[in-house]
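The following exercises are to be worked through with the sequence and the model at hand. Each task is followed by a solution in steps.

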Amino acid sequence: MTKAEILIIDDEVQMRKLLEITLESNDYKVTQAANAKEGIIMAANHPPDCILLDLGLPDASGHDVLKQLREWYTSPI
């Protein structure tokens, strides 16, 4: 069985580490992004099963990231 993949987008290193430890101990595969741009690229190149998104990122609002991801995931090919 394949592990569910979770992408954490958060600029706080300690928060990402805490979430990574907790999620991996519960058998999830975790990837991390430190800012909005990196997170959007990672999600576009390899869509995760779930995204944990900080709303207060330094380079963009988490709401803007969510809007971009929704548009990308729902746009017709």
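**Exercise 1.** In which strand does C50 lie?

*Solution.* The structure is a predicted model, in which local features need pLDDT of at least 70 and side-chain atom pairs count only at pLDDT 80 or more, while totals for chains, interfaces and linings use all residues. Residues are numbered from 1 along each chain as its sequence is written, and side-chain values use heavy atoms, with hydrogens and water left out.

Step 1. Helices (H or I, at least four residues) and strands (E, at least two) are DSSP runs, numbered from the N terminus. C50 belongs to strand β3, which covers residues 50-53.

Step 2. The relative accessible area of C50 is 33%. Buried means under 20%, exposed over 50%, and partly exposed in between (1.4 Å probe, protein chains only); C50 is therefore partly exposed.

Step 3. Contact means heavy atoms within 4.5 Å. Not counting residues up to four places away in sequence, C50 touches E5, I6 and L7.

Step 4. S61, in the loop between β3 and α3, is eleven residues from C50 in sequence and 19 Å from C50 in space, C-alpha to C-alpha.

**Exercise 2.** Determine which residues form the largest nonpolar core, and which elements supply them.

*Solution.* Step 1. A nonpolar core is a set of buried Ala, Val, Leu, Ile, Met, Phe, Trp, Tyr and Cys residues joined through side-chain atoms within 4.5 Å.

Step 1. The largest such core has eight residues, namely L7, I9, A33, A36, A43, L57, V65 and L69. At least two residues of this core come from each of β1 (5-9), α2 (36-45) and α3 (62-74).

Step 2. Consider the core member A33. Leaving aside neighbours within four places in sequence, A33 is in contact with L7, I8, I9, D10, R16, E38, G39 and M42.

**Exercise 3.** Describe how α2 and α3 pack against each other.

*Solution.* Step 1. Two packed helices are described by the angle between their axes and the distance between the axes. Axes are lines fitted to C-alpha atoms, for helices over the stretch in contact, and angles run from 0 to 180 degrees between N-to-C directions.

Step 1. For α2 and α3 the angle is about 20 degrees, and the axes are 11 Å apart. Angles under 35 degrees count as roughly parallel, over 145 as roughly antiparallel, 65 to 115 as roughly perpendicular and the rest as oblique; the two helices are therefore roughly parallel to each other.

Step 2. On the α2 side the contacts involve A36, I40, A43 and A44, which meet V65, Q68, L69, W72 and Y73 in α3.

**Exercise 4.** How many salt bridges does a search of the whole structure find?

*Solution.* Step 1. A salt bridge is a side-chain nitrogen of Lys or Arg within 4 Å of a carboxyl oxygen of Asp or Glu. The search finds two.

Step 1. K3 pairs with D27, with the closest N and O atoms 3.5 Å apart. This pair links distant parts of the chain, since K3 is in the segment before β1 and D27 in the loop between α1 and β2, 24 residues apart.

Step 2. K17 pairs with E20 at 3.2 Å between the closest N and O atoms. Both lie in helix α1, three residues apart, about one turn of the helix. K17 is partly exposed at 46% relative accessibility, whereas E20 is buried at 16%.
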